[in-house]
Amino acid sequence: MPNAVIDCGWGRLLFGQTFADLSELAEAMRDERPDRRDIAVYVLEPHVALAAAPQEIFLDPSHTFRLDLSRYEAADRGPTGFTIRRLASRADADAVNRIYAARNMVPVPPEFFWSRRDSRTLVHLVAEDDATGIVIGTVTGVDHASAFRDPEGGSSLWCLAVDPQATHPGIGEGLVRALSELFKARGLATMDLSVMHDNEHAIALYEKLGFERLQVFTLKRKNPINEKLFVGPGPEVDLNPYARIITSEARRRGIDVEVTDAEGGFFRLTYGGRSVHCRESLSELTSGVAVSICDDKAVTRRVVARAGVAVPEQINAGEEAELAEFLERHGSVVVKPARGEQGRGVAVGIETMEDLHRAIEVAREQSERVLVEQRVEGEDLRLVVIDFRLVAAAVRRPARVIGDGIHTIRDLIERQSRRRMAATGGESRIPLDGETERCVAKAGFSLDDVPPDATEIVVRRTANLHTGGTIHDVTGQVHPRLVEAAVKAARAIDIPVVGIDFMVPSPYEPDYAFIEANERPGLANHEPQPTAERFVDLLFPLSIPASARIAAQKT
């Protein structure tokens, strides 16, 4: 079939080998719809196509790999802890878009998935967690023989994505294998894929499975989605994800960005005659007094308690007798430095005086003053409050791994850390330290033990993202009383941007205990909530489109 084009929902695939005239390929690429990403693949002479539209298209910095399906060998054992199946419902479609959002991929209209659920040309597979029923991974396949009667009997793989919160090992590999086996069963000869040239982990997986480099090229249009691929790295390239999510939103609105210290996450935003200096989500709009209140956890607790916010009992780590009596009364306690962030020096679930002394020593490495607090059972809930309104609510869960009967806990942790680091720009990893050893030992294992298949092991007690914790959005379901308490705490501190942490039996119930307030909450990893958008709204209200301002006033 000449000039073959396939709509994939996120954009179109244009098969370059079917275009006899590459100027026609360039012309076809001009039909790209707004907010979509078209891709021209299998282009053998990209320079010719580029010459036809040099200001509109560019050479994509990706490699193409090919798997010879006749030589492909199935794995000795199937997936563990999850099942791979075809997308089968609108809920599946929503779950796939949730994963796309977490991976900064172009979303697909749910009705597109649904209308093509039985398509032979487009195959959408999902990986479903056996225990929870949650979709934790997805991949799309294109059958070239069905799409355009490909004489070579080829196929291709697209949009491989794994939920960054998933704990099972081997999800990506399982999806690639499932699609390979499906296309092999159809009698297709090859399966190809495109991957960014610097995606070393993905390339290593593909080469392990038998993929080999194919010398063809890929073209894309110069559009806002692809901008970083054709303009080169901007001044904010060295910022961490928490700063970069804000500068990206600012640039989208035409706000000037000046990076003042990339390593520290500092940047200045300027719009019209207004200029605001920021460090990630901490800006000049937050007073030094508010920062000082949040910096000292004991002070924070007193301030919010006076405002009527529920707080757990707390003492300073001091006299031995007082510590012993406090531990005996509560049975299990939390030890944390009075000053500190990102969960450093925090130990949860301390139940013996020996562990208490050890935890206090570790906490003193972060702060000379150490607090011992009543442990409140439940889930860790982060509420991001901007301009005294809730913007995002998420349950944060401690890092955990799931045994596969093959790998040691140390190996599982390292693999989980690699996935978390890839998903968070290097910000989240599970430390292999004394606290991790303590948690693993409490589960009855050592780091070098091989846990039984499907055994879940919590390897950290704190739910901080920086120590491997995962984030699960509950903004639409969080109980109104929890929102009210978070806003009350923000007003008591008088802080315009803050992350309020509660321990709750459930985010859907009214009970809670205040844990701490973070004056520089991370705005990344709260997809699909508009955290960066609301932050930039606060700093530059005049940058909000008029229609959005009118809608906000009505609500």
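The structure is a predicted model, in which local features need pLDDT of at least 70 and side-chain atom pairs count only at pLDDT 80 or more, while totals for chains, interfaces and linings use all residues. Residues are numbered from 1 along each chain as its sequence is written, and side-chain values use heavy atoms, with hydrogens and water left out.

The C-alpha trace spans about 85 × 60 × 40 Å along its principal axes. Of the 555 residues, 52% count as buried, meaning under 20% relative accessible area, whereas exposed means over 50% and partly exposed lies in between (1.4 Å probe, protein chains only). Among contacts in the chain with a separation of 6 or more, 69% come from residues 24 or more positions apart, where contact means heavy atoms within 4.5 Å.

Turning to a helix pair, the axes of α12 (residues 320-330) and α13 (residues 353-364) come within 11 Å and cross at roughly 120 degrees. That angle makes α12 oblique to α13; angles under 35 degrees count as roughly parallel, over 145 as roughly antiparallel, 65 to 115 as roughly perpendicular and the rest as oblique. The axes are lines fitted to C-alpha atoms, for helices over the stretch in contact, and angles run from 0 to 180 degrees between N-to-C directions. On the α12 side, the contact is made by Glu320, Leu323, Ala324 and Leu327, and on the α13 side by Met353, Leu356, His357 and Ile360. By class, this contact has six nonpolar, one polar and one charged residues, with Ala, Val, Leu, Ile, Met, Phe, Trp, Tyr, Cys and Pro counted as nonpolar, Asp, Glu, Lys and Arg as charged, and the others, Gly among them, as polar.

Two buried residues deserve a look. Thr300, in helix α11 (residues 297-306), is buried with a relative accessible area of 1%. Leaving aside neighbours within four places in sequence, Thr300 is in contact with Ile293, Cys294, Ile493, Phe514 and Ala517. Phe502, in strand β26 (residues 497-504), is likewise buried, at 0%. With the neighbours within four places set aside, the contacts of Phe502 include Glu379, Leu381, Leu482, Ala485 and Phe514. Tyr512 is also in contact with Phe502, and the C-alpha atoms of these two residues, ten apart along the chain, are separated by 6.1 Å.

Most residues other than glycine have a negative phi, and most peptide bonds are trans. Arg149, in the loop between α5 (144-148) and β9 (155-162), has a positive phi near 55 degrees and is exposed, with a relative accessible area of 62%. Ala454 has a positive phi of about 70 degrees; this residue lies in the loop between α15 (434-442) and β24 (456-458) and is exposed at 52%. The peptide bond from Glu527 to Pro528 is cis, with omega near 5 degrees, and Pro528 sits in the loop between β27 (513-518) and α17 (531-539).

Definitions and conventions: Helices (H or I, at least four residues) and strands (E, at least two) are DSSP runs, numbered from the N terminus.
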